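Colleague: I'm new to this one. Can you put it up and walk me through it?

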Amino acid sequence: MGDTFIRHIALLGFEKRFVPSQHYVYMFLVKWQDLSEKVVYRKFTEIYELHKLLKEMFPIEAGDINPQNRIIPHLPAPRWFDGQRATESRQGTLTEYCNALMSLPVKISRCPHLLDFFKVRPDDLKLPTDSQTKKPETYLVPKDNSVSDITGPIILQTYRAIADFEKTSGSQMALATGDVVDVVEKSESGWWFCQTKTKRGWVPASYLEPLDSPDESEDPEPNYEGEPYVTIKAYTAEMEDEVSLQEGEAIEVIHKLLDGWWVIRKDDITGYFPSMYLQKSGQDVAQAQRQIKSRGAPPRRSSIRNAHSIHQRSRKRLSQDTYRRNSVRYLQQRRRAGRPGPQSAASPRAEQRESGRAKPQPAVPPRPSADLILHRCSESTKRKLASEV
């Protein structure tokens with residue numbers, strides 16, 4: 001199958017733990033060559049020991065012989081006592097350090113010591129037990145990577161599984177109906193990274209619901225103006241309210257839903273399309289295509305039947321007929337607004353005739369007043385008229 005190597009290392013944040021004594025560990029999402037994704041937890045002292053080992057193994061690249069030849073990134077030594085502030089402020093440095101490690105020559109970035117360090121350990125799978133009086137506090141890195149914005153522990157949202165889910169890859173997590181999970185990350189792809197007391201992994205958002213009541217604020221309102229996207233993978237519709245598209249087609253997204261199935265518009269046609277197969281222009285297509293291979297499109301929420309689910313009591317979803325009508329109405333208004341001159345002025349009367357409230361118009365329009373003519377003149381014309389007066 002080929003050599004084992006790491007594609008990417010992403011810092012998710014850090015945890016404050018209290019067993020056996022108070023300490024901090026960093027959370028890393030490690031993406032391997034087989035497209036699997038694993039979450040590992042490492043102390044900074046461990047990371048620094050790896051750093052020293054790499055410098056000993058590669059003295060030329062560490063700059064020990066000639067400082068000008070150094071390509072191994074710098075990493076500050078741990079302090080005598082690392083508190084929360086130091087742990088927090090070090091996240092930017094660790095992110096840059098891991099990115100630099102992955103860009104080093106293969107003999108370093110794929111050396112056995114580095115690969116073994118980021119492999120999953122038994123401790124990575126051992127979650128806190130109910131007997132612990134104080135549970136870990138999880139701090140996540142914001143999306144904009146401005147770690148200075150972290151001011152306190154992130155309270156993870158708790159959800160419940162509404163149906164059984166069988167995982168199809170090592171990075172996913174199986175669920176049974178009624179399982180309670182904490183959501184670490186909500187991805188627009190419709191896959192959420194969750195954890196329980198015994199396991200972690202990616203779960204389709206369509207299988208999850210809030211514990212108490214429907215979260216009305218989760219799904220935003222439709223935006224019929226639309227956002228431009230491009231398809232990065234072809235999809236053939238399996239239901240009548242979906243859209244079939246080829247790779248490379250330009251479309252507009254008018255409604256982003258959390259289950260990963262967005263309502264898109266192609267000309268005057270609207271329908272559901274998997275968000276994993278869409279990409280904004282200028283973004284990294286290769287990374288998105290790797291996610292498609294590792295997880296694929298999640299199931300739609302409407303395809304999971306559970307009469308007891310609180311989704312049945314939540315806000316009723318719009319039908320495709322409603323999407324089409326509202327979208328066509330918006331497009332007509334946009335086209336009318338783009339027409340020049342007399343056609344734009346005639347639009348209100350056309351709308352009156354359509355609504356049955358048209359009023360008879362005089363055959364000859366009234367002559368505009370001198371003040372109105374002067375108001376419509378350009379500044380240069382106004383100055384010329386003023387000089388003549």
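Colleague: How do β12 and β13 pair?

Modeller: Strand β12 (residues 261–266) pairs with β13 in the antiparallel sense, over six bridges. Strands here are DSSP runs of E, at least two residues, and helices are runs of H or I, at least four, numbered from the N terminus. Two strands pair if DSSP finds at least two bridges between them.

Colleague: Which residue in β13 is the bridge partner of Ile264?

Modeller: Gly271.

Colleague: Is this a real structure or a model, and what counts?

Modeller: This is a predicted model: local features need pLDDT of at least 70, side-chain atom pairs count only at pLDDT 80 or more, and totals for chains, interfaces and linings use all residues. Residues are numbered from 1 along each chain as its sequence is written, and side-chain values use heavy atoms, leaving out hydrogens and water.

Colleague: Back to the sheet. What is the strand order?

Modeller: β13-β12-β11-β10-β14, an open sheet of five strands with antiparallel pairing. β13 (269–274) and β14 (278–279) are at the edges with a single partner strand each, so one side of each has no neighbour in the sheet.

Colleague: New topic. Where is Lys16, and is Lys16 buried or exposed?

Modeller: Lys16 is in strand β1 (residues 6–17). Lys16 counts as buried because its relative accessibility is 15%. Buried means under 20% relative accessible area, exposed over 50%, partly exposed in between (1.4 Å probe, protein chains only).

Colleague: How far is Lys16 from Pro136?

Modeller: They are 120 residues apart in sequence, and 5.4 Å apart in space, C-alpha to C-alpha.

Colleague: And the whole protein: how many helices and strands?

Modeller: 11 helices and 14 strands. Buried residues make up 41% of the 389 residues.
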